[in-house]
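Please look through the sequence and the model before reading the points of this note, which go through the strands and then the helices.

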Amino acid sequence: MTTTRNGTDMAITMTFELDHPQGEPDVFVTTITCDQCGLPIERDRDGNYHWLAPNVVEDGDQFPAYFLHKTCWRPFEAEHHQPGHRWKSEALKVFTTRLSLRARETNL
Ligand SMILES: [Zn+2]
């Protein structure tokens, strides 16, 4: 089973930053935005990633990852819950580590 994110919502975007306190050059930075409130998750310790999986999963099943502040996950999960499914979550730091390792394995 594969599910997709709805519409045009994009939790991971590139943000162009002009204002630097130390005079650093302008940069594009990766921004992870909370799927509940729409605000950036500034520190990895402030958020988790969540996915909704059916009670029975099979090899190759894919599920969209949702990024949520630790203060926002309860209303998001309640609003998007589906019968016969369970929400799972891990620390945002785990997501970035796994993504980095996966990129290395596949030579991205
Ligand atoms: Zn939030």
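**Notes on strands and helices**

1. Strand β1 and strand β2 (residues 27-32) pair in the antiparallel sense over six bridges, where two strands count as paired if DSSP finds at least two bridges between them, and where strands (E, at least two residues) and helices (H or I, at least four) are DSSP runs numbered from the N terminus. Within this pair, Thr-13 stands opposite Thr-31 in β2.

2. This is a predicted model, in which local features need pLDDT of at least 70 and side-chain atom pairs count only at pLDDT 80 or more, while totals for chains, interfaces and linings use all residues. Residues are numbered from 1 along each chain as its sequence is written.

3. Strand β1 (residues 12-17) is hardly covered, since the count of buried residues among its six residues is zero; a residue is buried if 20 or more other C-beta atoms, placed from the backbone, lie within 10 Å of its own, exposed if 12 or fewer, and partly exposed in between.

4. Three strands form an open sheet in the order β4-β3-β5, with antiparallel pairing. Strands β4 (66-69) and β5 (85-91) stand at the edges, each with a single partner strand, so one side of each is left without a neighbour in the sheet.

5. Strand β3 (residues 47-54) is joined to β4 by four bridges, and Gly-47 stands opposite His-69 in β4.

6. Helix α2 (residues 92-105) packs on the sheet, touching β3 and β5, with contact meaning that C-beta atoms, placed from the backbone, lie within 7 Å.

How values were computed
Contact = placed C-beta atoms within 7 Å. Axes fitted to C-alpha atoms, helices over the stretch in contact; angles between N-to-C directions.
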